[in-house]
Amino acid sequence: MCQLLAMNCNVPTDIVFSFTGFAHRGGRTDTHHDGWGIAFFEGAGVRHFVDHQAAVDSPIAELIKRYPIKSTNVIAHIRKATQGQVALENCHPFVRELWGRYWVFAHNGDLKGFEPRLDGAFRPVGNTDSERAFCFLLQELRRRFGDSAPALPALHAALRELVSTIAQYGTFNMLLSDGTALFAHCSTKLSYIVRQYPFVTARLSDEDLSVDFSQVTTPHDRVAIIVTEPLTTNETWTAFAPGELLVFIDGEPVSGDF
């Protein structure tokens, strides 16, 4: 299965520390070597990087580890191919426009027999079940809400129903964001942590690297990290429940009441 990583925070923050450990899972500490990608929201725009090379061998991944791009919403993915060849067009995350905003999506899992009828503007470029699922999600959201974005409670309710439908076809751990909120759905395995004051020193599990967050943050900062497997050895991560869909805003999970 693939590996997922996301960040949602209340102030623009770089993901260098988390991505450094995460990238090692793309061919060094794990066998996920069929490509990788990352997308950063910046205002109305998205910086989008993908590579069909393994993350541990990719010069683009080295750039991301050394270049502190700051964002409030980031989605990253390391691929282990189950459907679709190893090719650039099949690398996550995928990006599409809906309601005048970019949407970014990444998936971990395998959907068997998922062949929805895609009759609108959203069609896959590659041949993965993941990109089909993304196109289906956006198509159904537009079908339900038309040309105007709904309020967050209605959007959350619609996504809960849609992801449950898709998950009937197999494993559907996924990340989705429009740059204002980040949605995370767990079929089998996802965990998150919220880092906030008082900040502590964190140590990566995939590399001998630590950072004292109290030295690089303010007392008002709050950062949520969502990942397939916890990235650090000395922090307490919260596991998602199977079937759970959480929405993160300003660095923390928001209750269903919003």
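**Notebook: salt bridges, cores and a pocket**

I began with Arg-222 and Glu-252, whose side chains form a salt bridge at 3.6 Å, N to O. I count a salt bridge when a side-chain nitrogen of Lys or Arg is within 4 Å of a carboxyl oxygen of Asp or Glu. Arg-222 sits in strand 12 and Glu-252 in strand 15 (residues 252–254), so the pair ties together parts 30 residues apart in sequence. Helices (H or I, at least four residues) and strands (E, at least two) are DSSP runs, numbered from the N terminus. Arg-222 is buried at 19% relative accessibility; Glu-252 is partly exposed at 36%. Buried is under 20% relative accessible area, exposed over 50%, partly exposed in between (1.4 Å probe, protein chains only).

The model is predicted: local features need pLDDT of at least 70, side-chain atom pairs pLDDT 80 or more, while totals for chains, interfaces and linings use all residues. Numbering runs from 1 along each chain as its sequence is written, and side-chain values use heavy atoms, without hydrogens and water.

My search of the whole structure gave 14 salt bridges. Arg-144 and Glu-161 pair at 2.9 Å, N to O. Arg-144 is in helix 3 (residues 129–145) and Glu-161 in helix 4 (residues 152–167), so this pair links parts 17 residues apart in sequence. I also noted Arg-142 with Asp-147, closest N and O atoms 3.1 Å apart. Arg-142 is partly exposed at 38%, and Asp-147 is exposed at 61%. Glu-62, Lys-65 and Arg-66 form a salt-bridge network.

**Cores**

Next I looked up nonpolar cores: buried Ala, Val, Leu, Ile, Met, Phe, Trp, Tyr and Cys residues joined through side-chain atoms within 4.5 Å. The largest has 30 residues, and Phe-19 and Ile-38 have the most contacts inside it. Helix 1 gives the largest share, four residues. A second, separate core has 29 residues, including Trp-103 and Leu-162.

The largest pocket has a volume of about 300 Å³. Of its 19 lining residues, the closest to the centre are Thr-13, Asp-14, Phe-213, Val-216 and Thr-217. A pocket here is an open set of points on a 1 Å grid over the protein atoms alone, where a 1.4 Å probe fits, with protein on both sides within 12 Å along at least five of seven lines; lining residues have an atom within 4 Å of a point. Volume is the space filled by probe spheres set on the points, which are joined across faces, edges and corners. Strand 1 supplies the largest share of the lining, five residues.
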